[in-house]
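Have the structure open beside you as you read.

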Amino acid sequence: MNSGFTFALIGVALNTAAQLFLKATTNRVGELSLAKPLLSTALSIGSVPAFYAGMACYAVSIVVWLLALSRLPVSVAYPLLSVGYVFNAFLAYALFDESLSMQKFVGIAFIVIGVVIVARSA
C-alpha cells in the first residue's frame, strides 16, 4: 500500500472519530433545536469535552487529507471516504447501541466492493 492510501485511511479514521465524538456530544446535550437561542445551544455544546476532541480530529484530518491528495488522484482518494460509513456503522453499533440491520450490511457490502474497485484503478 502506498503512502497516499495510508494517509487517506488515516484521514478516514480521523473523520470517523470526529463523527463519533460529535455523536457523544449530542448524546450528552440532547436533541438540538434551532428554536432555542444560539448562545444557549453553543454553551451547552461547548461544555462537553467530546466536542473539542471531535473538532481536533477534524483539524488534523485536513492536514492528513492534504497529504493524501498530494499523492493520489482525487478520483481515487475521494471515494475512499466511503470507508468511513463502514467504520461508523460498526462503531456506532458498539458504542451507542445503534442498529445494524441486514439492509445496512448489504449497503456496507456494496460500499466495500465499490471502494475496492476504485482503489484498484489507481
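Let's begin with two helices, α5 and α6, which pack at an angle of about 145 degrees with their axes 9 Å apart. Their crossing is left-handed. Bear in mind that this is a predicted model.

Which residues bring the two helices together? From α5 come V83, Y85, V86, A89 and F90, and they meet F105, I108, I111, V112 and V115 in α6. Sorted by class, this contact of α5 with α6 has 10 nonpolar residues, no polar ones and no charged ones.

Now for the aromatic rings. A pair of such rings is described by the distance of the centres and the angle of the planes. The structure holds 2 aromatic pairs, and here they are:

| Pair | Geometry | Centre to centre | Angle between planes |
|---|---|---|---|
| F51 and Y52 | edge-to-face | 5.3 Å | 80 degrees |
| F90 and F105 | tilted | 5.8 Å | 50 degrees |

Why does the F51 and Y52 pair count as edge-to-face? Its planes are 80 degrees apart, and over 60 degrees counts as edge-to-face. F51 has 23% relative accessibility, so it counts as partly exposed. Y52, at 49% relative accessibility, is partly exposed as well, given that exposed means over 50%.

F90 lies in α5 (residues 83-96) and F105 in α6 (residues 102-120), so the pair ties together parts that are 15 residues apart in sequence.

Definitions and conventions. Residues are numbered from 1 along each chain as its sequence is written. This is a predicted model: local features need pLDDT of at least 70, side-chain atom pairs count only at pLDDT 80 or more; totals for chains, interfaces and linings use all residues. Side-chain values use heavy atoms; hydrogens and water are left out. Rings of Phe, Tyr and Trp (its six-membered ring) pair if their centres lie within 6.5 Å; planes under 30 degrees apart count as stacked, over 60 as edge-to-face and the rest as tilted. Buried means under 20% relative accessible area, exposed over 50%, partly exposed in between (1.4 Å probe, protein chains only). Helices (H or I, at least four residues) and strands (E, at least two) are DSSP runs, numbered from the N terminus. Axes are lines fitted to C-alpha atoms, for helices over the stretch in contact, and angles run from 0 to 180 degrees between N-to-C directions. A crossing is left-handed if the near helix is turned anticlockwise from the far one by less than a right angle, and right-handed if clockwise. Contact means heavy atoms within 4.5 Å. Ala, Val, Leu, Ile, Met, Phe, Trp, Tyr, Cys and Pro count as nonpolar, Asp, Glu, Lys and Arg as charged, and the others, Gly among them, as polar.
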